[in-house]
Amino acid sequence: IEPRLSSNGKQEYGGLVNLVSLIDKIRAEDPERTLVLDAGDSFQGTYVSNSTEGQVVMEAMNLAGYDAWSLGNHEFDWGQQVLKARIEQATFPVLAANVVDAKTGQVWAPVKPYVVVNVGRVRVAILGLGYPNTPGIVKPQTVEGLRFLRAPETVRQYLPEMEEQADLIVILSHAGYDNDVALAKAVDGLDVIVGGHTHKFIEWPSRVNGAIIAQAGAKGQALGVLRLTVDLDNGVVADYERNEALIEVTGDVSPVNPKVKALVDDALIEASETMNLPIGESATT
């Protein structure tokens, strides 16, 4: 939520205010043809974030105008009831096609498998994937009653109906980079995979079996920007810019989003009441 400072204290890096302000700036170049996406692990980190169980982050994402978000494993850190509250708070679709009810086999009720949105003249289907091994790395009670299915089988299940409705297929994947590469090789017809979990800083997005694979690191340090040229006649990405895929998030962006700044300032003031309390003393240096 808060930015990190350079060694001389004069430059900010990361931080919600700077990130959302940069999103505003990029989207303003062509708002009707811009998608803002996130592949999960949006919660967890500093005390300011954790003390509100992700509420402040979600409010900032609402103000930023995200178009879709997929669940990461850290979204389950505080249990399903807290996550349901965050999903209800979201003003954009929350996606996780492979997170299903263990009894019924149906997609977990609070989320959707995919959405179709119009971006200019292009119809884009966006499918979300949670981390398949989430039960192996979180507290068991936080995912009780849920199953996390493998990515290739899940995508194949929904691909035909998405292809009927859309020109492009985008996967918001929290499976990790190597699994994203494996998914692209295993399933034909994918156009873009926006990845998470491994949180690689991919400055030069790769193309595997026609699918462009991108990730934008972690901790709000970079904004990933992927500029696509679309062949509408054939429903494919004809070309994409391979350079400047990552823009460093700093305190230089202007103008600053005033609503997010007010939100973060209030959160920092409230958190400081606890963070400034002494928790112990040392009798020696």
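Trainee: How many aromatic pairs does a search of the whole structure find?
Mentor: Six of them. Keep in mind that this is a predicted model.

Trainee: Okay, take W69 and F92. What kind of aromatic pair do they form?
Mentor: An edge-to-face one, with 6.4 Å centre to centre and 85 degrees between the planes.

Trainee: And which parts does that pair tie together?
Mentor: W69 sits in strand 4, while F92 is in the loop between helix 4 and strand 5, so the pair links parts 23 residues apart in sequence.

Trainee: Are W69 and F92 buried or exposed?
Mentor: Buried, both of them. They also belong to one aromatic cluster, together with F43 and Y66.

Trainee: What about Y114 and Y158?
Mentor: That pair is edge-to-face too, at 5.9 Å centre to centre with 65 degrees between the planes. Y114 lies in strand 7 and Y158 in helix 5, so parts 44 residues apart in sequence are tied together. Y114 and Y158 are both buried.

Trainee: Switching topic: what lies over the face of Y177?
Mentor: That's K200, at 5.2 Å from the ring centre.

Trainee: Now the helices. How do the axes of helix 3 and helix 7 cross?
Mentor: At roughly 170 degrees, and they come within 10 Å. That makes the two helices roughly antiparallel.

Trainee: Which residues make the contact?
Mentor: From helix 3 you have V56, E59, A60 and L63, and from helix 7 there are K259, V260, L263 and A267.

Terms used
Residues numbered from 1 in each chain as written. Predicted model: local features only at pLDDT ≥ 70, side-chain atom pairs only at ≥ 80, totals over all residues. Heavy atoms only, no water. Phe/Tyr/Trp six-rings, centres within 6.5 Å; stacked < 30°, edge-to-face > 60°. Helix = DSSP H or I, 4+ residues; strand = E, 2+ residues; numbered from the N terminus. Buried < 20%, exposed > 50% of the residue type's maximum accessible area, 1.4 Å probe, protein only. Lys NZ or Arg CZ within 6 Å of the ring centre and 35° of its normal. Axes fitted to C-alpha atoms, helices over the stretch in contact; angles between N-to-C directions. Parallel < 35°, antiparallel > 145°, perpendicular 65-115°, else oblique. Contact = heavy atoms within 4.5 Å.
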